[in-house]
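Here are some notes to read alongside the structure. Please keep the sequence open while going through the points.

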Amino acid sequence: MTFKLNRRTALGMALAAPAILRSTSAFAAGELRVMAWEGYADDDWVKEFESESGAKVNVVFIGTDDEIWAKIKGSEGKDFDVFAVNTAQLQRYIDGGLTTPHDLAKIPNQQMVLPRFRDLSQVKGVMRDGKVHAIPFCFDSIGLIYDKDKVNPPPDSFEIFWDPKYKGKILAYDNGEHNFSFTALTMGIEDPFHLSDEQMAKIKDKLIALKQNVLSFYTTPDEALQLYKNNDVALIWANYGQQQVKAMKDAGANIEYVNPKEGALAWLDTWAMTNGVQDVDLAEAWVNFLLQKKISGQLSERTGFGNTVVETGSAGANDKLVWLDFVEDPTKRSDLWNEIKAQP
Amino acid sequence: MLFVGSGRKGPGPFVLACLSYGLPLIFIIAPLASFLTYSFFHMENGQIVRGFSLANYQRFFTDAIFIPVLWRTCVLCFSVAALATLIGFPVAFLLSTLKGRMRYYLLLMVLVPLLMSYIIKIYSIRSILGGNGFLNRFLLWTGLIEKPLTLFVFNLNAVLLTLTVLLIPFAILPIFLSLERIPRTLIDASSDLGASGLQTFVRIVLPLSLPGVITAATFVFVLAIGDFLTPQMVGGQSGFTFGRIVYSQFGTAFNWPFGAALSAILAVVVIAVIAAGGRFNRQRP
């Protein structure tokens, strides 16, 4: 058993204990059991929802995708009513029958969300067999950060990463999976998550060329910032999106963020109801409550992530976003990535 | 035998013996054995298959990337060992010539960097080496160069330099100990017999300190070859080392058996180097 103790899990454990104890006893009506990432169910929102609905809300915070799976699958959906999960992960919950489809009539605020998220059949992964299994809530894109003093005119594609003009001035991210996906998009491949061997071979060559052009491959936002400060860096592949933009702007960097025209990889977190949901109306009310302009706006102010209701820096109205999905063979991508890095 | 002649009967010595054999067994031998066992497993459809297979070792020898990277890493680490020893020797020599408390105060100063977190040291070295880092700004300021040098910016040179700086204390210590053990009388005898300072150094001090030098070089090599963090942090796009391949097998690739096999191969290299060092030291009179 591996067990990572961080703030999130510590908090999760403290809050989970009473939830587990309660799960064996009979439930009083008007109690909502929520599992969420930190920042998705802040205290002031919970209080407001409690006074509006008259129900009691218990929130358990989780720290990893695997933890959500362990808790939902472990109780066969009985310990929680509603949980936050990204669209890629969501699929195994639907497969396992661990979700209850939403009734959109009970979530009127879903009609007011940004156009991108209004027609749920256009949001990959949230619907199955005509039923809505999850409501989009929070997202961020992996775009391009450029230094306004060094890059002119503003870039509109990751193609600029191969421009010899910026040799040694580019920071890329040290992850084979994502690098294959974004390069596939740059090369105009429709589905970057399911590549054929032939496509992979082509992308590998292109990534070897990319390697020659970059200064370094970073792993954490802090690391990227430090590299930016001490080197002549013009372009950054922003794995950490707005979080990274904010940290760099706070440090006084004259930078801008753009989603490339070929499409930016992006993650999307949603709200799903478990198959063990006790009070469907209450769970729907919770989701509806969060989809208000005020709450979703605060979410973005506090976390830096994009929301589905108010426009944010994560994506402009016309930006193309490609929701992250599981890739065909992570091990193969990682092996190829090692081969690329091992090139002299 | 460990406790012969203690003269005391009772469970005390027995418990102590159990501890002194048992702890290394549990905390060193057992984990290593489990590693070795894992290296014979293999992956199928993302699951570890627990059956004997030589596939991992076969892959190491047939795939074109692993041996060149291992070789490059070895060359790099030999260079680190040579540099650290070359720089460490004069420092250790100076320390050994000092008298009284002063030598231990200074020795302590040399070891102070070891008290500091490894990560913090790498981060500070990064801000020294970068394109607009301290080193380049200083050289620009002195007028020695006109535009920033890229010689030490995120490449194998930077890894070499950083590892050397980080590991120098490990080179100084064994050399200092071997120099300190040289009997004062030998040196006095040498000068009584009319040898110059240089002659004494070359004919007496240097040969007698060689075991320490070899130990230092071995020590530094072993520490350098196991490091995956420094190449990651200062190696940029060209500083790819064997340690980073091993690391990636446990992280992104999620291929523990192959990672275990690569670690076992790395362990063989390390053991060979230590054995060679030990053999060299034993052969000397």
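1. How many bridges join strand β8 of chain A to β12(A), and do the two run parallel or antiparallel? There are four bridges, and the strands run antiparallel. β8(A) covers residues 144-147. To find the pairing on screen, look for Y146(A), which stands opposite E256(A) in β12(A). Please note from the start that this is a predicted model.

2. These two strands belong to an open sheet of five strands in chain A, with the order β10-β9-β11-β8-β12. The pairing in this sheet is mixed. At its edges are β10(A), residues 216-218, and β12(A), residues 255-258, each of which pairs on one side only. From one strand to the next, the twist averages 20°.

3. A helix of chain A, α8 (residues 221-230), packs on this sheet. The strands that α8(A) touches are β9(A) (170-173), β10(A) and β11(A) (235-237). The direction of α8(A) makes about 145° with that of β10(A).

4. The average pLDDT of chain A is 89, and 92% of the residues score at least 70. Within chain A, the highest confidence is in β11(A), at 97, and the lowest is in helix α1(A) (residues 7-24), at a mean of 40. Over residues 1-28 of chain A, pLDDT stays under 50. The model has 26 contacts beyond four places in sequence for that stretch. Where pLDDT is low, the predicted coordinates should not be read in detail.

5. Chain B has twelve helices and two strands.

6. Of the 285 residues in chain B, 31% are buried. Among contacts in chain B with a separation of 6 or more, 69% are between residues 24 or more positions apart.

7. Where do the chains meet? In chain B, 22 residues are in contact with 20 residues of chain A. On the chain B side, α5(B) (118-129) and α11(B) (242-250) each supply at least two residues. The largest share, three residues, comes from α5(B). By type, this side of chain B divides into ten nonpolar residues, eleven polar and one charged.

How values were computed. Residues numbered from 1 in each chain as written. Chains lettered and ligands numbered in written order. Predicted model: local features only at pLDDT ≥ 70, side-chain atom pairs only at ≥ 80, totals over all residues. Pairing = 2+ DSSP bridges. Axes fitted to C-alpha atoms, helices over the stretch in contact; angles between N-to-C directions. Contact = placed C-beta atoms within 7 Å. pLDDT = per-residue confidence, 0-100. Nonpolar A, V, L, I, M, F, W, Y, C, P; charged D, E, K, R; others polar. Buried ≥ 20, exposed ≤ 12 C-beta atoms within 10 Å, placed from the backbone.
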